[in-house]
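Let's take a short tour of a protein model, starting with charged side chains and moving on to a helix and a hole. Keep the structure open beside you as you read.

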Amino acid sequence: MGDGDNDNMGGIAFDQLVPSPRGPRFVGDLTTGTKVYGFNGGAVQTSSALAVLRRAVEPLWTVALGTRAIDVTATTKLLVLDGGLTTWRPVEQLAIRDIVLCAEGYYPTTVAWRARKARLVGAFLGDGWLRQDPVRSGYSLGLAIGRGDELHTTKYLKLAEEVLPNRGWGRGWRADAPGHFGLSCSSRSSWVAARDLGLGSKARDKQVPADAFGLNRDDKLALLAGYFDADGSVAGPGSSNHGRGCVAGTSEQLVVGLRELAIACALHVTAVITSRRSTNYGTASVWRFTIAADSTAELPLWHRAKAANQRVTSRRSKAVAARHLSGARLGMGIHARRVRDVVPAAPRQVVSVAADAIGLVAAGVVVAGR
């Protein structure tokens, strides 16, 4: 592999995700002083960006680590385990099957939702809508979750009445109301409650509410399950991907946020890819990723048809087993994955980040922070 970067600082592609106490952020959106998650003392902890340098478009390399991948410059250093000891190694010196340290579970539980509220938020992120008529002062919202005679639709009707109740003027929640598929409601109080949960964005602007990253694992799984009940798909037995879950949408922020939630639950996911496809909004960019069958099986789906496609396989994707770590003990939130490939990536703008920790967590990988 040749050296595509003359700067010894190393750099990260601007569109890679960095976890922060307020949810994931793109590297290109970081500023000096931003709180992020770093690596110090062998474990993940809160850190600060001391300096953020935006550079030009430069050659990049994708380091593929199974369920993780990161796009960085050739001189960027990753934390590698070698003979039971950790060492910083530039990407240009990585070899296939090198052991790289990755991070997960870095979002502490700071928000006290219930699983039922999290599930409804996930469903709205999948196929919910809010509308306001400024002329008639009308407020309406709905969830295209299914026909009124389907069991999961009945469950979501009760859930909507519980989490987003009508507390004043207007009609409450109904299933199969004229002109609406699934659930709908014309109530200002319900509309305001949904907006305050961060659910008022249009399809292309939807994103996971920042508070969701502070949920406990069960509530995160409930949110993901709600999304899948409404809009995700689970491959059926007639497919070679039987049991795998797929998330796809026209909002990049939403898709990468859902993937980050899945990683925070230690689910096995692919990288996000994008393509141009025909949608309800015409030809548009669509972002997507998949969740391994065993991980999809952990989602508590209410949608019977999708739940019927869930399965546990005999082959599970795991981090490097302890017997291959030469006696090394990894800190809280740290696990190891082998390098599967190092290949050229599309050149993009690069950002160098210096943190007050020796390492920075980017795309779930421990990168040198100094």
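D149 is exposed, because its relative accessible area is 61% and the cut-off for exposed is over 50%. One thing to keep in mind as you look: this is a predicted model.

So what does D149 pair up with? Its side chain meets that of R147 in a salt bridge, at 3.1 Å from N to O. R147 has a relative accessible area of 46%, so R147 counts as partly exposed. R147 also has a salt bridge with E150, at 4.0 Å from N to O. The general idea is simple: side chains of opposite charge can pair when their charged atoms come close.

Now compare that with another pair. Are E58 and R55 buried or exposed? Both of them are buried. They form a salt bridge too, with the closest N and O atoms 2.9 Å apart.

| Salt bridge | N to O distance |
|---|---|
| E58 and R55 | 2.9 Å |
| R147 and D149 | 3.1 Å |
| R147 and E150 | 4.0 Å |

How many salt bridges does the structure hold? The count is 13. Some residues join up in a network of salt bridges: D15, D71 and R348 are linked this way.

Next up is a helix, α4, which covers residues 217–230. You can check its length yourself. With 14 residues at 1.5 Å a residue, α4 should span 20 Å, and its end C-alpha atoms are 20 Å apart, so the two agree.

How much of α4 is covered? Mostly, it is: twelve of its 14 residues are buried. Among the buried ones are L221, L223, L224 and F228, along with charged residues including D219, K220 and D229. In an α-helix there are 3.6 residues a turn, so residues three or four places apart point the same way.

A search of the whole structure finds one cavity of 30 Å³ or more, and the largest cavity has a volume of about 30 Å³. Which residues line the largest cavity? They are F124, L125, G198, L199, S201, K206 and Q207. Sorted by class, that lining has three nonpolar, three polar and one charged residues.

How values were computed
Residues are numbered from 1 along each chain as its sequence is written. This is a predicted model: local features need pLDDT of at least 70, side-chain atom pairs count only at pLDDT 80 or more; totals for chains, interfaces and linings use all residues. Side-chain values use heavy atoms; hydrogens and water are left out. On a 1 Å grid over the protein atoms alone, a cavity is a set of points where a 1.4 Å probe fits but cannot get out, and a pocket is an open set with protein on both sides within 12 Å along at least five of seven lines; lining residues have an atom within 4 Å of a point. Grid points are joined across faces, edges and corners, and a volume is the space filled by probe spheres set on the points. Helices (H or I, at least four residues) and strands (E, at least two) are DSSP runs, numbered from the N terminus. The expected span of a helix is 1.5 Å times one less than its number of residues. Buried means under 20% relative accessible area, exposed over 50%, partly exposed in between (1.4 Å probe, protein chains only).
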